[in-house]
Amino acid sequence: MSLSATPPDPRRPEPIPLTVLTGFLGAGKTTLLNRWLADPALADTLVIVNEFGEIGLDHLLIERVDEDMVLLGAGCLCCTVRGDLIAALEDLLRKRDNGRITPFRRVVIETTGLADPAPILHALIYHPYLVLRYRLQAVVTVVDAVHGAATLDAHAEAVRQVAVADRLVLTKTEAAAGTDLLRARLTALNPAAPILPVTAPVEAVLGGLFGLDGKGDDVRSWLGAGAMAETSGPGRDVNIHDASIRAVCLTSEAPVPRPAFEMFLDLLRSGHGAKILRMKGLVALADDPGRPLVVHGVQHVVHAPVVLPAWPDPDHTSRLVVILRDLDPSFVQRLWDAFLGRPRIDAPDAAALAHNPLAIPGG
Ligand SMILES: Nc1nc2c(ncn2[C@@H]2O[C@H](COP(=O)(O)OP(=O)(O)OP(=O)(O)O)[C@@H](O)[C@H]2O)c(=O)[nH]1
């Protein structure tokens, strides 16, 4: 059963294929998207990105010209900004119909890693106008071979992301000890979805329509009316997804001394690795401020940083978003301040912390 199939109407323009790309924090969605966008088959693709936390970075890390990119407001697509997504999709159609933007031929929505995909799919399937103008393609869920099993154990959102997928893409297989158990688990959760490598041709991953055949009964009920339970609204904090998960956005106008930054990362990872779900940033190091460092941490793994040849936008502020589980964001903020030498009456400085990492209470 394909939910989005509608009979062709010669008076209406051909619906635009729309892909939802999901997967848990740091699973490799942006990396896969960059690989796809390099393929000429995806020319004229418009990308919509949504990020958790008040500072978005993905739009800077996706190798794409600005006009082909829409950055949704801060917050999680499944809760705070679902209405923004609908408004953005409607607005894009208006601009496309009026010839105010290049007529894109495909849309890819990259969700936040924490997004429950059900409310997003519900919105796309049941919206009376959008369903006529966009054709929901196969939902692609990225699963990280290194952290996948632990993530499925700990996060209901990750299980849902797998269960609703039409295609699963397994990333980081070369860094994993083995993938047999994870593959078996993914097949048990979603027997219908093929498990593809990151190198799978883009047409093999994006082809086909979203459907329910072969998916569990749970998926049907998730996509039902309950999926739209109102979780948005004024006053909702864009840095909070559920009570235990928070984002903290660390910034510095001045370039950061390399030893201080390395020590900050080390201390955070060694002392609190299990509570760091994701860390992502663009950082100007004092010894080479013109070429920012892209920093990625996924749970206890900090990926080898990449140096960009130049800043991707005029703002050269160092920005680091850290998504925490069961750790007070103010603790991480105080640690950052201490390593940057920002004086605080109630906190130790970097030298004191290097000797005694427990000197900041609350971690
Ligand atoms: N070894 C290896 N690393 C990968 C692979 N895919 C992604 N990564 C690395 O994993 C880190 C996170 O990748 P992203 O593509 O930013 O992950 P994401 O899912 O977009 O992250 P969020 O948007 O924060 O949820 C980066 O350091 C990537 O270079 C892979 O197949 N193999």
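**Labels and their grounds**

Me: Where does D44 sit in the chain?
Reply: D44 lies in the loop between α1 (29-37) and β2 (45-49). Bear in mind that this is a predicted model.

Me: What makes the phi of D44 worth a remark?
Reply: The angle is near 60°, a positive value, and D44 is a residue other than glycine.

Me: Why is D44 called partly exposed?
Reply: D44 has a relative accessible area of 34%.

Me: Where is K172, and what is its phi?
Reply: K172 is in the loop between β7 (167-171) and α8 (180-189). Its phi is near 60°, again positive in a residue other than glycine.

Me: Is K172 buried or exposed, and how do you know?
Reply: K172 has a relative accessible area of 15%. Buried means under 20%, so K172 is buried.

Me: What makes K95 and D91 a salt bridge?
Reply: Their side chains meet at 3.1 Å, N to O. The cut-off is 4 Å, between a side-chain nitrogen of Lys or Arg and a carboxyl oxygen of Asp or Glu. The pair is within it, so the label holds.

Me: What about R258 and D287?
Reply: Their side chains form a salt bridge at 2.8 Å, N to O. R258 lies in helix α11 (residues 258-272), and D287 is in the loop between β10 (276-283) and β11 (293-298). The pair therefore ties together parts that are 29 residues apart in sequence.

Me: Why are R258 and D287 called partly exposed?
Reply: R258 has a relative accessible area of 35%. D287 has 49%. Exposed means over 50%, so D287 remains partly exposed.

Me: What makes D266 and R269 a salt bridge?
Reply: The N to O distance is 3.4 Å. That is within 4 Å, so the pair qualifies. D266 and R269 both lie in helix α11, three residues apart, about one turn of the helix. D266 is partly exposed at 43%, and R269 is partly exposed at 38%.

Me: Which residues of the largest nonpolar core touch the most other members?
Reply: L18, L89, V107 and Y134, out of 30 residues. Elements that each supply at least two residues of this core include β1 (16-23), α3 (82-97) and β4 (106-110). Helix α4 gives the most, with six residues.

Me: What does Y134 touch?
Reply: Leaving out residues up to four places away in sequence, Y134 touches P15, I16, L18, L89, L92, L93, F104 and V107.

Me: Which residues are in the second core?
Reply: That separate core has 24 residues, including V248, L267, I276 and V322.

Me: How do the totals look?
Reply: The protein has 13 helices and 14 strands. Of its 363 residues, 53% are buried. The protein exposes about 15,700 Å², with carbon and sulfur atoms supplying 56% of it.

How values were computed: Residues numbered from 1 in each chain as written. Predicted model: local features only at pLDDT ≥ 70, side-chain atom pairs only at ≥ 80, totals over all residues. Heavy atoms only, no water. Helix = DSSP H or I, 4+ residues; strand = E, 2+ residues; numbered from the N terminus. Buried < 20%, exposed > 50% of the residue type's maximum accessible area, 1.4 Å probe, protein only. Core = buried A, V, L, I, M, F, W, Y, C linked by side-chain atoms within 4.5 Å. Contact = heavy atoms within 4.5 Å. Areas by Shrake-Rupley, 256 points an atom, 1.4 Å probe, with all protein chains shown as cover.
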